[in-house]
Amino acid sequence: MKSYVAIIVFLFIAFGAQAQSDQELNRDSVIGWQYVSNPINSKAIYKPVKGLYAGGAYSAWQQQASDLLLSWIQQSYLPRGLIVRTIAKNDERWYVDDYSPLHSYGINLLGYSAHFVNGKIDLKCCEQGLKLIAGFNDFPGVAIKKFNPGGLYFFAEEAQFSSGDDDAQLSKEGIDKKIQPNLYNYRTYLDHYHDAGQQMFKVGVVVSKNGDWPFKPVLVKDAVAYIQQQLAAYPAILQKNPYSAEPVKKALERLKPYYNEVVKLRANYNPNNAINDNNDHYLLDPEAIINGNPINKTFPEHSILVSTTQQTIDQSKTDNPLWVYFNFTPLNRAIVGNPAKFDTKFGTDISHMVYSLLNNFNFDYVARWLAQPDARKSMAYTPVKAPAKSTGNIFSAPAMVSVTASTKNKDPYTILYDDFNGYTDGTLSAKVWHTYGHNGHDFANASVSTVNGQSGKWISVPQDFSFYPNFNKPLGANFTVNYDVYFGKNVKNQRTPFYFRIDTEDPKKSNPIDLHDINREGFQFSLAMSGETETSKRYMSVEYKETFTNTRIPTAKAGDVAHVTISVNGAAIAVSVNGKELMHDDNAIPAGKSFRRYAWYCSEPGVYFSNVYVKSGSPVQNTIPQEPQFAGVVKDKKSTTPDAATFETSDYAFKPLEKIGNMPPISYPAGFKSATLIPAQAEGSNKAVATLPPFKAPSRSALLDAIPNTVLSNAAFKKLIDDLKNTVSTKLNTDNVNKIDGYLKAKK
């Protein structure tokens, strides 16, 4: 591995110092491979090792091949929104025994979604989960063990494509059954279904040697024959399980009309639970064969019964692998959304990993590598595309600022004003606005739109998420919050409330407001298109009476705008809509508490809001530096450099440097400046250009010279202080003596 010298780079930051929210950091941070606890050791000496499972062993070449596979992946993908903590190799991998009797070797990526707390990454937050499986001779399914009629080996292979939709619907949704064009030459696996209205996908790819797949699909009639052959060879299977005799007979009879079809097995079939003779002879359960049964439209996944020979099993144990399998969505994990429509700007975590590897990983190189074993030493891996080293999410600032916004934000009484006028329609990714929901485990952006007949732009808040600004300026004791609510034509439920909440939590020490959760420490107001309004106050940290008020106002029509004003004056709060006061409470906040943050929320996408104006009763100052400043970028010292992470993706520490403002005026001593202009001297001249008066250093105090450079006892030190007081008292006037005397007494 290469070692790097620490470098200091100075960056000029032309925007305010307000950082991203923790949720935005969770989503946007390109973590890379820097937190892997067991990175590749470039100096590793590989030796054959015995495996954990019976008959398993890993040659030096196979161990090296696993590390090589990992390096290919690391060159093709930099984790974003995902922390990879552990690389499990060979038989350290999860569920590797499911592939037996095949001999497989490779890697699992283990980790968890990125988790930041107060801007710092938390590496102890979560339990590690399985994120990616990649292995030589790994099987896309499970082995049906101890069922070997005819000397064959049987496996339940995942269906190459499964969906509850017909071709017309698949075309409408833009679903490619082979995932995408660069994978058409390879064996792909795509399970497509819907969950709660969301499109879900499970994705896998097999790259085989010379395109050969050594597994043959089994027809129903052949499966029935193999089952009967197993029962004849081992009658104890049914003798030990007499209750299964009749169900097995009925299941075999039911399959007769489907004899010429390939066997389909239910997805959750576990062959390890099949009936057996307690002597390692198992039966393929005919009840697990689903041919002739209707497809589950919601969860259509299933497996295909395939078989292979002893030759395949033997070849898998050599140093010449037959294929590589990439399982991008292991276990029950799935990605949300069509991989072909991945959001390159905001996509993160598992979806980002799948997209990156599908598009960056060089599958063609792996195919050549498998087919040309003699040329492998001279072959160098290069990804199809280099992975992005930074997020594609560039926080936007308004392209323009309205006259109203410019005027109001210059007002010293303005805490916040935004009509969103300068933002581009679509997804809002702004420096000063954020969303929070799902306890910080998920992310969604607000959207900004132009509304016909209304000035400015309007915000639609994503379902289950709160929308809140940077809290650069304190609210103070007296302030008003004004905002406008617009009811669009596409409102589905007129009783859906639009919420506003202010509370007393410290925004620097607490998770952001979650309006999808109950109001715990503050005041809340909600307004619906139906005219229903509600206010509530609750402070769970102290004994305080909870209150709720309900008031009905005229029902709004599509296109109407409601002007809302929340006025806070000390402990009093008043709420008005369209100039009419709906409630007034003179005791709306407990003594000793103050409002510190606020947010909005609405689950109805047809309800928008804008023209946010928060105004203080007294001048306020920004608590976040807004002037340009310098920052240093310092590469952290580490004992090792992560392999394949490269210098650019190693962690850096951003440390603010001291800012030098206006220099203080210089007071020159008498005689320092020449009274006349000094003529320029000839080049190379040693003649003095100015004459300075001799400097006479002040003489040291005898008392100070008497202080030894050792630790004094309390009594000796007190005597020195008393002597110093006496000396000073003879040199200074009475007022100064009194000041020094008071200071020294305070320091005794």
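Phe 420 is buried, with a relative accessible area of 0%; buried denotes under 20% relative accessible area, exposed over 50%, and partly exposed in between (1.4 Å probe, protein chains only). The structure is a predicted model, in which local features need pLDDT of at least 70 and side-chain atom pairs count only at pLDDT 80 or more, whereas totals for chains, interfaces and linings use all residues. Residues are numbered from 1 along each chain as its sequence is written, and side-chain values use heavy atoms, with hydrogens and water left out.

The protein has an average pLDDT of 84, and 82% of the residues score at least 70; pLDDT is the predictor's confidence in each residue, from 0 to 100. Over residues 1–18 the pLDDT stays under 50, and the model has 41 contacts for this stretch beyond four places in sequence, a contact meaning heavy atoms within 4.5 Å. Residues 624–655 also have a pLDDT below 50, and 76 contacts beyond near neighbours in sequence are found for them in the model. Where pLDDT is low, the predicted coordinates should not be read in detail.

The secondary structure comprises 14 helices and 36 strands, where helices (H or I, at least four residues) and strands (E, at least two) are DSSP runs, numbered from the N terminus. Of the 748 residues in the protein, 45% are buried. Among contacts with a separation of 6 or more, 72% join residues 24 or more positions apart. The accessible surface comes to about 39800 Å², and carbon and sulfur atoms account for 52% of this area; accessible areas come from the Shrake-Rupley method with a 1.4 Å probe, and for residues only the protein chains shown count as cover.

Several backbone features were located in loops. Most residues other than glycine have a negative phi, and most peptide bonds are trans. Phe 420, although not a glycine, has a positive phi of about 55°, and its place is in the loop between β19 (414–418) and β20 (426–427). A positive phi of about 75° is found at Asp 464, likewise not a glycine. Asp 464 lies in the loop between β23 (458–460) and β24 (465–469) and is buried, with a relative accessible area of 18%. A cis peptide bond links Ser 100 to Pro 101, with omega about 20°; Pro 101 is placed in the loop between β4 (82–89) and β5 (105–113).

Leu 475, in the loop between β24 and β25 (478–487), is buried, with a relative accessible area of 3%. The C-alpha atoms of Leu 475 and Phe 595 are 6.7 Å apart, although the two residues are separated by 120 residues in sequence. Residues up to four places away in sequence aside, Leu 475 touches Ile 415, Phe 595, Arg 596, Arg 597, Tyr 598, Val 614 and Ser 616. Val 206 belongs to strand β13 (residues 198–208) and is buried, with a relative accessible area of 1%. Beyond four places in sequence, the residues touched by Val 206 include Pro 140, Tyr 186, Trp 213 and Trp 323. Val 206 and Ala 367 are 161 residues apart in sequence, with a C-alpha to C-alpha distance of 9.9 Å.

The structure contains 3 cavities of 30 Å³ or more. On a 1 Å grid over the protein atoms alone, a cavity is a set of points where a 1.4 Å probe fits but cannot get out, and lining residues have an atom within 4 Å of a point. Grid points are joined across faces, edges and corners, and a volume is the space filled by probe spheres set on the points. The largest cavity holds about 70 Å³ of space. Its lining has 13 residues, of which Glu 24, Leu 428, Trp 433, His 434 and Asn 445 are the closest to the centre. At least two lining residues each come from α1 (22–28) and β21 (433–437), and β21 gives the most, with 3 residues. By class, this lining of the largest cavity has 7 nonpolar, 4 polar and 2 charged residues; Ala, Val, Leu, Ile, Met, Phe, Trp, Tyr, Cys and Pro count as nonpolar, Asp, Glu, Lys and Arg as charged, and the others, Gly among them, as polar.

Ile 175, Asp 176, Ile 179, Leu 190, Asn 338, Pro 339 and Ala 340 line the second largest cavity, a lining with 5 nonpolar, 1 polar and 1 charged residues.

Conventions:
On a 1 Å grid over the protein atoms alone, a cavity is a set of points where a 1.4 Å probe fits but cannot get out, and a pocket is an open set with protein on both sides within 12 Å along at least five of seven lines; lining residues have an atom within 4 Å of a point.
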